[in-house]
Structure formats: C-alpha cells, structure tokens
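Hi everyone, thanks for making time for this. Please have a look at the structure on the screen, and then I'll walk you through it.

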Amino acid sequence: ALFTKWLPKTLAPTMEQFDQTEQFDKNSFKLNDLLLNIQKTLAEQHSTRYWVRAEVASLSANVHIYLELIDHDSEGHEVAKVRATLWNHRAESLLERFEKQTEMPFKAGIKVLLQVRVEFHTRYGFSLNILDIDPTFTLGEMEAKLNRIRAKLKQEGVYQQNHELTKALEFCKVAVIAPPHAAGLGDFKSQADILAALGLCEFHYYSASFQGQNTVTEIPAAFELVNQKHQQQTYDAVVIIRGGGAKTDLFQLNEYEIVKAVCTAHLPVIVGIGHKRDKTLLDEVANQAYHTPSLVITYMTSTIIQNARNARQHWQSFVQRTREILNDAQADNDRLLAFIREKNVKCLWVQRKKLDTLMQTVKNASQNQLVQARHQVKLLMEQVLLGDPKRVLNRGYAIIRNGKNQVITTQVAAQKEASLFIEFKDGRVHCQGEKNAKKI
C-alpha cells in the first residue's frame, strides 16, 4: 500500500485486496513452514532404518552417487519412484564390496536391497539416504529370475529343444546374429572372411541390439528372419555372438523372449558370448556354447579343416581299398586263367586221346573198307576179265559179225545178212550164205 502511488493502476491493490490478504495469512501456511512441518514429522515418525527392495532406474555420479529407484507391480507397471543418494564417504566401500561379491558393477537396471533412512529437505524434497547395500539379494534376485524363465520354458516343452538338435557336421552356409560394429564381430569376421574368400563357407549377417531396451525385441526378430531365410537357402547353423562386457550387460540377454527364440530356432544355435566364468541362459539352451566369438569361428574353421582332412583320408582309403580289390580281382583272374589253361590242356589232351582213338578207329575201318573194296574190285575185275572176248575165243567160242562189224547174236539177225564174218581166236572166216537158207 505504501508503494501504490508508484505502481500502475492495474497492479495497485485495493483496500478490499488488503483485507483478503490478511485473511489468507491467518488461514494458510507458508511453503517453507509446511515443508518444515513435514520434515519434522518424518524425522519423528521415520527415524529408524529400513531395508528396501527396488530397481535402479538411473544412476549418476558427481562426487556423490545419485540414484532413482522404482518399483513395479505384478504386471510390470511402475507403481513407485523415489530419489536416493549414496554419499561419497561410504560409496567407495559399499560399491567395492558389491562389485567384488556380485562380479558386476552397480548400475541401472539391477534389482537391489538397500538399507536406507528417510530424509526430507525443504529445497530438495523427499529422498532416501543409502546406508548399506546387500549384494546377496541382487545375486539371489538374478538367479530367481533365471529359475522363473527355466521353469516357464520347461513347462512349454522347449527348454532342451535346440540343445537336442543334431550338431552341425559341416559349415558351408551360416547365419550370424551380432550387434553391428562390435569388437567381437570384428574378431569373428577376421577369420570368417578368410573362409569366405576361399569359398569354403558363406556367412550371412543379421544385426541386432545386445544391450538396451531394444534387445528383447531385436534378437528374437533376427531369429525369426533367419528361420524364414532358412526355408529358402538352407543354413547349416546360426551363430549368435557378442564381445565381452559387464555382468549386468550379459544379464540383459537373460530375457524370456530371447531365450525362447534360441530354444525354438529351426537350426542348431552356436553361442559365442564374450565371457569366461559367467554363463547366460543362452549357453544352457543352445546347441553349443563357447566363451568368445573367436572360439566359435576357430571351432568352425577346425571343423572345416578336419572334414577336409577326413575327406582326403577317406579318398585315400577308398583309392587304396579300390586298388586292393582290383589287385585281389587280378590275382583271382590270374588264378582262374591258370586254372582254365590247365583245364584246357587237360581237356585238349583228353580230346586228343579221344581223337587219336577215333582216328585209329576211322583208319582201321577205312583200311577194312579198302580191303573189302579191293577184294570186291578184284572179284569184279575177274568177272570182267571172264567176259573178255579173247578169253571167250580161247575157250572155243566164236563171234559172229556182219559186214559192218556189228556182233550178231540171234539167228533171225543172221538170216538177214548177206554175209557174215566168224571170228575165232586165231582169225576170221568170211561166209556168204543163200537168201533161201533154212533155219536149222
């Protein structure tokens, strides 16, 4: 009111407004007074220490450690959120003990059991002052989550599904799921590119996030894509790899959707996650598991080399066995040929003996027939000789011929002739007869 004459008329308070202000002062609190009352009440009612279960939503370090803690209901909905502070004077010892026992850093995304004291500041509001951390709770909570996933997969009957698939015996075409531009992928490709350049194996790469909120969707999506491509080009196996990292980073892979994608993959899954001591559920359910991506490609390379050596050895054994079979067959042929020759010689000798016998029989028969023929010829010759005119004449017979020197053998023919010649053994006599000669 004292400054009314200097204020614009639109801002100058009226007497009525002054009365209302005085009335508000009697029925209201100043903000600081209210917050001091709240601070006093909390200090009186919640002076003790509490063990609180929560999830670390965010964490930042600036001398002190500042956290944001959240809680979810059974359906995963966020139901509570509060700020918390881990003061520098106790942070080093608590975090060192936590990391030593859990072998993982204290970071966002983990569930923790914290001993806290409730604090309220008029400027900074409500927060929790962290006094202690129980590492065993975090380990137990992690294991409990793994057990829940195992139980669900076993109930669905897929927990051992991929593990029981027949291992890949050869690697000619392989699908690889990995985070893009990761060091582990580079280690893998340094050897895989050599195999590809030599034409020994094809590698088809599928990118997916292995860390962060997209992990739970991108990895299963990559497996689904591989399953679809497998129907067209037939992979021998699917490899899932990533380099080393913190235990909490690896634990992000222990999600039901990711593990089930491995269990239900249509191909044998080979896991190569960059860790040595700690295993993920992927190692349990996969067909094969190795500590690093380099070990995976080393195994594949050694398998290809060993298969090549086995193939060469089998080929050499095949060639050797073939030669042995051919040599045995040749030896059998030689023995059979010798036997056939010997048999033929014996058969020829027997046939020659038979032939000699037959020849002798034929010769004897021929000689007998010749003797008989000669005898018959001799008889015939004698008969012929007996009919020789000279012999007939010598025996006192005569041959009657006509003037034409034709032999006359009948009386009728003789009577027709005018003259006849009578041939004796010592010459001929010419006779002339009468035409009226009578038959005597």
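Let me start with one word: a residue is buried if its relative accessible area is under 20%, exposed if over 50%, and partly exposed in between, using a 1.4 Å probe and protein chains only. Pro268 has 10% relative accessibility and therefore counts as buried.

Before going on, a note on the source. This is a predicted model, where local features need pLDDT of at least 70 and side-chain atom pairs count only at pLDDT 80 or more, while totals for chains, interfaces and linings use all residues. Residues are numbered from 1 along each chain as its sequence is written, and side-chain values use heavy atoms, with hydrogens and water left out.

Now the overview. The chain has 440 residues, and 30% of them count as buried. It holds twelve helices and 13 strands; these are DSSP runs numbered from the N terminus, helices being H or I with at least four residues and strands E with at least two.

Back to Pro268, which sits in the loop between α8 and β9 (269-274). What does Pro268 touch, not counting residues up to four places away in sequence? Taking contact as heavy atoms within 4.5 Å, its partners include Asn162, Leu165, Asp236, Val238 and Asn287. Val238 is 30 residues away along the chain, yet the C-alpha atoms of Val238 and Pro268 are separated by 6.4 Å.

Val238 also touches Phe223, as do Ile177, Ile240 and Ala261, among others. That brings us to the nonpolar cores, meaning sets of buried Ala, Val, Leu, Ile, Met, Phe, Trp, Tyr and Cys residues joined through side-chain atoms within 4.5 Å. The largest has 61 residues, and within it Phe106 and Phe223 touch the most other members. Helix α8 (residues 256-263) gives the most to this core, namely six residues. There is also a second, separate core of 20 residues, including Val176 and Phe188.

Next, the sheets. Strands of a sheet pair through backbone hydrogen bonds, either parallel or antiparallel. Here two strands count as paired if DSSP finds at least two bridges between them. Five strands close into a barrel in the order β1-β2-β3-β5-β4, with mixed pairing. How are strands β1 (residues 49-62) and β4 (residues 111-121) joined? They run antiparallel, with seven bridges between them, and Ala54 has Val112 of β4 as its bridge partner.

Helix α2 (residues 31-45) lies across β1, β4 and β5 (125-133), at about 130° to β4. For such angles, axes are lines fitted to C-alpha atoms, for helices over the stretch in contact, and the range is 0 to 180 degrees between N-to-C directions. Helix α3 (residues 88-102) packs on the sheet too, touching β2 (64-72), β3 (78-86) and β5, and its direction makes about 50° with that of β5.

Three other strands form an open antiparallel sheet in the order β11-β12-β13. β11 and β13 (427-432) each have a single partner strand, so one side of each has no neighbour in the sheet. Six bridges join β12 (residues 419-424) to β13, and Glu423 stands opposite Arg428 in β13.

Last stop: Asn402, in the loop between β11 (399-401) and α12 (411-416). Is Asn402 buried or exposed? It counts as buried because its relative accessibility is 4%. Beyond its neighbours within four places in sequence, Asn402 is in contact with residues including Ile408, Glu417 and Phe421.
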